Amino acid sequence: MYDDCIQSTGDYYLLCDTEGAWGIVLESLAAIGIVVTILLLLAFLFLIRKVEDCSQWNVLPTQFLFLLGVLGLFSLAFAFIVQLNQQTAPVRYFLFGVLFAICFSCLLAHASNLVKLVRGRVSFTWTTILCIAVGCSLLQTIIAIEYVTLMMTRGMMFMHMTPYQLNVDFVVLLVYVLFLMALTFFVSKSTFCGPCENWKQHGRIIFVTVLVSIFIWVIWISMLMRGNSQLQRQPQWDDAVICIALVTNAWVFLLLYIVPELCILYRSCRQECPLQGNTCPVQAYQRSFRAENQELSRARDSDGAEEDVALTSYGTPIQLQTVDPTQEYLIPRANVSPQQDAGL
């Protein structure tokens, strides 16, 4: 009983270890991140009622889900500060991949919608965008459930594995997350092509966010698989490397994606009409065409007779002469010489 108590106390030692201060620093950054994420969630809930553009509103539920995923990432950091044991192992192996899959799936769904918007097409509905995000993250959830179930049925097999084998299993479990990351990167690049400049800024935000995330993942996987063993710091640095990458990537999600998106959303709520330089020419043409069609259907003269209306290339209606149905009109005939008439 006493030995179990000593072991349990040692598992939580890094939460207050003053000699290895990385645990204290990371838990402080994670706690600050949790508070900031909750404030951003409240800001989204406040602004969501003021958004009038359907194309902009449709992505807000997916961004709300993204913020919940980031909140989970900050909370998961404490499972890596506490040492690996029978309680933290299932949480680590299940939530790490699932939470990152949710975040990258939300970015992928947003980028897929932007591919349509930058080309002047109609946006997906909010349910479609949300279903894309949830559906793309579902496979990682199934993979994690199967692995954790296998781990539990075999009596915590990680206790009989070497640190290198544990790291290999952890990275292999995240292969689908790496695929989502690469797919989101290429889809976000596709948002650079199109006539609608106002939607391209959202694509650039996603592109930069995923690019920085790729750099973070390459570094921490390299350190976990090769760097720590070459520096003879394995397994002492394994948890620190993963936790640093976790907290850093969560802050990247907030600072490079959520905060710029929130600023754009705030400006659009305060701005009554969009600037001419940021409007999409395709959408402007469609609105002008609909207005001219409505004006055409309402055009009538004072006597009740319908008037023909022609639209010039500049969109200005030109009224043609009203035709009187009671008056006879003769179609002029071309002059024909007598010789030509005899020939006919």
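**Cavity.** I searched the whole structure, a predicted model, and found 1 cavity of 30 Å³ or more. On a 1 Å grid over the protein atoms alone, a cavity is a set of points where a 1.4 Å probe fits but cannot get out; grid points are joined across faces, edges and corners, and a volume is the space filled by probe spheres set on the points. I noted a volume of about 110 Å³ for the largest cavity. Its lining (residues with an atom within 4 Å of a point) has 14 residues, of which Gln56, Val59, Gln63, His202 and Glu261 are the closest to the centre. By class, I recorded 7 nonpolar, 6 polar and 1 charged residues in this lining. Helix α5 gives the most, with 4 residues.

**Conventions.** I number residues from 1 along each chain as its sequence is written, and side-chain values use heavy atoms, without hydrogens and water. Local features need pLDDT of at least 70 and side-chain atom pairs count only at pLDDT 80 or more, whereas totals for chains, interfaces and linings use all residues.

**Asn113.** I located Asn113 in helix α5 (residues 88-117); helices are DSSP runs (H or I, at least four residues), numbered from the N terminus. Asn113 has a relative accessible area of 1%, and I class it as buried (under 20%, 1.4 Å probe, protein chains only). Leaving out residues up to four places away in sequence, I listed Ser55, Ser123, Phe124 and Ile129 as its contacts (heavy atoms within 4.5 Å).

**Helix α2.** I found Gly23, Ala30 and Phe44 among the buried residues of α2. Their cover includes α4 (60-81) and α10 (238-270).

Terms used:
Buried means under 20% relative accessible area, exposed over 50%, partly exposed in between (1.4 Å probe, protein chains only). Helices (H or I, at least four residues) and strands (E, at least two) are DSSP runs, numbered from the N terminus. On a 1 Å grid over the protein atoms alone, a cavity is a set of points where a 1.4 Å probe fits but cannot get out, and a pocket is an open set with protein on both sides within 12 Å along at least five of seven lines; lining residues have an atom within 4 Å of a point. Ala, Val, Leu, Ile, Met, Phe, Trp, Tyr, Cys and Pro count as nonpolar, Asp, Glu, Lys and Arg as charged, and the others, Gly among them, as polar.
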